[in-house]
Amino acid sequence: MTNFDSTDSQQHHATGDGATTVVTTTGLTKAYGDRPIFDDVDLDIAAGAMTAVIGPNGIGKTTLLKTLLGHVDPTAGTVTYTGPDVDRPMGYLPQEPAFRPQFTVSETVDFYASLVDAVVDTEELLCEVNLYEARNRRVSALSGGMRRLLAVGQAVLGTPPVVCCDEPASGLDPSMARQVFESLARRAADGMAVVVASHTLSLVETYADHVVILKSGGVAAAGAPTDLIERYDAADLWAVYDAAIDPAADDGSATTVGAPRRGDKPTDQDTAVFGGPTDSGGDR
Amino acid sequence: MSSLAVMSTLIRRELRTAARTRGYYLLGVVVAGTLLGLTVGGGGAATGYIPTVVDLLLPLEVLVPAVAVAIGYRAIPSDLGRGEVAMLNTYAVSPSAYVGAVYLGRAAVLSAIVGVALFVVGLVVAVAAAPDTGVFATHSGVDSPILFGRFLVVTLLFGNAVVAVVLLASIAVASTRTAIVAAIGAVLVVVVGGEAAILLGVLDGVFSEATLRLALGFVPNSAYRGLVFETVVGVLSAGASGYASPLVSVAGLLLWTGGSLGAAVGLLRWRIE
């Protein structure tokens with residue numbers, strides 16, 4: 001049921017830093033009626049990297065992920081998948097995942113595994129997401145966090161070239177949240193393009209290779225966490241986030257020296273390229 | 001992965017879901033109890049299969065749609081609400097395979113519930129009724145378990161058409177809560193609305209005898225009733241009853257089934273993409 005432009009599915013693109021691009025968005029715009037969600041977003045999703053999309057609630061992170069997946073049609077622009085031609089090019093972890101309560105954890109994984117061509121070691125997968133001990137438990141008896149772990153396992157089943165995770169750490173205790181990000185980072189290290197929408201900035205800063213900060217209208221800033229911190233002369237990603245989202249409210253925990261100003265162009269380090277109303281680079 | 005393999009996997013999942021839903025067992029007991037009560041209370045059990053069919057026809061016109069609503073209204077909205085449809089969307093699962101599998105699974109549940117209940121009723125009639133109901137082969141004029149078997153098949157055809165209508169209605173709404181309202185509303189519109197339209201058409205002189213028989217075949221309840229009169233009850237009387245055309249009635253029920261499923265696939269595709 002995946003619906004995205006895959007006319008160029010065998011032609012792998014390379015990003016500026018040599019990574020292979022598997023999903024490219026060009027002029028991606030989404031509006032619901034008169035309400036704009038994001039505008040003119042150009043984005044390259046690289047294989048073998050974790051790309052984190054961060055931003056305030058309701059800013060369009062989920063919509064952006066769903067647009068990448070082809071679950072939401074953009075108002076304008078295109079999403080082009082350029083990864084390998086496989087049955088399941090993209091995995092998905094929804095924001096509030098749940099499964100049929102009548103089945104056990106093992107049965108649920110087995111069901112989804114039976115929908116992919118690849119041989120799946122379900123026991124290994126359950127160990128990876130820390131659900132092996134709960135494998136015979138009914139889904140109805142799982143906590144919200146455990147259901148999310150199950151959904152993480154489902155998302156990476158069959159090793160799709162791209163996996164989009166909406167709030168993978170939501171509802172998890174800090175240790176489990178870290179474990180989920182570590183697991184996704186390992187997947188990325190193995191060549192998967194991992195896209196996460198998350199509010200857990202400490203984990204994003206630690207594990208993401210590339211961060212896209214969304215603000216009203218589109219992309220406020222993008223780049224590797226260390227590059228963003230350096231560019232904004234900030235203490236950490238939190239300070240970058242504050243400065244990029246609402247510079248006026250910046251309490252001084254990060255200086256704005258080096259932060260992009262209206263009219264600034266994205267740096268060469270950015271793999272997200274933004275134009276139109278988001279051309280300002282974030283200081284709007 | 002082949003479409004057949006995907007479909008088979010999805011159908012197995014539907015059947016296992018149904019087998020583990022306790023409410024369906026309770027529903028089966030209630031339906032069987034109701035039909036048995038009507039059979040014994042109406043005197044059909046002591047008289048024969050055809051009197052039993054006559055006793056059960058009208059209650060089944062209400063009971064079968066109610067069962068169809070109970071087992072079908074939340075199947076797809078629940079999967080949509082849980083995000084399972086969005087997750088399945090990333091596998092090689094087409095909307096038609098998904099809707100088809102859900103339909104076949106739910107149709108199997110309805111067939112099991114109604115079929116077992118009617119089978120039990122048939123057994124009771126076989127044990128309790130007069131001895132001349134044991135004839136298995138005849139051209140007409142004699143009560144027979146074969147006629148009751150036809151009644152069972154026609155009832156399942158009707159029920160499975162209503163399941164398709166219920167699935168379509170349930171996809172049209174946003175949540176599981178509103179799905180039951182939509183499903184009941186759709187069944188009422190199709191059942192009551194269709195028959196009311198025909199009645200008004202007759203009163204206004206819109207229908208001739210020929211077009212009326214055609215119209216009756218395209219309203220699910222009328223088609224069901226017509227099939228029962230023509231292929232079960234009417235067999236006992238000399239000649240055809242002339243209530244409805246069996247072929248048109250079967251075509252009508254199949255059209256409701258296929259049309260509703262086709263529309264459900266289109267609607268689901270529109271909702272998720």
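Two residues are in contact if their C-beta atoms, placed from the backbone, lie within 7 Å. This is a predicted model, in which local features need pLDDT of at least 70, side-chain atom pairs count only at pLDDT 80 or more, and totals for chains, interfaces and linings use all residues. Residues are numbered from 1 along each chain as its sequence is written, while chains are lettered from A and ligands numbered from 1 in the order in which they are written.

View 1. Leaving aside neighbours within four places in sequence, Ala193(A) is in contact with Val22(A), Val23(A), Ile45(A), Ala46(A), Ala47(A), Ala49(A), Pro161(A) and Val162(A). A nonpolar core is a set of buried Ala, Val, Leu, Ile, Met, Phe, Trp, Tyr and Cys residues joined through C-beta atoms within 7 Å; a residue is buried if 20 or more other C-beta atoms lie within 10 Å of its own, exposed if 12 or fewer, and partly exposed in between. The largest such core has 169 residues, and those that touch the most other members are Ala193(A), Val195(A), Ile213(A), Val165(B), Val166(B) and Leu167(B). Helix α8(B) gives the largest share of this core, 16 residues.

**View 2. The open sheet of chain A.** Helices (H or I, at least four residues) and strands (E, at least two) are DSSP runs, numbered from the N terminus. Two strands pair if DSSP finds at least two bridges between them. Six strands form the open sheet, in the order β6-β7-β8-β4-β9-β10 (chain A), with mixed pairing. Strands β6 and β10 (218-223) of chain A stand at the edges with a single partner strand each, so one side of each has no neighbour in the sheet.

**View 3. Strands β4 and β8 of chain A.** Strand β4 (residues 49-54) of chain A and strand β8 (residues 193-197) of chain A run parallel and are joined by 5 bridges. Met50(A) has Val194(A) in β8(A) as its bridge partner.

**View 4. Helices α5 and α8 of chain B.** Axes are lines fitted to C-alpha atoms, for helices over the stretch in contact, and angles run from 0 to 180 degrees between N-to-C directions. The axes of helix α5 (residues 75-82) of chain B and helix α8 (residues 145-171) of chain B are 8 Å apart, at an angle of about 30 degrees. The two helices, α5(B) and α8(B), are therefore roughly parallel to each other (angles under 35 degrees count as roughly parallel, over 145 as roughly antiparallel, 65 to 115 as roughly perpendicular and the rest as oblique). Ala75(B), Ile76(B) and Pro77(B) in α5(B) meet Leu167(B), Ser170(B) and Ile171(B) in α8(B).
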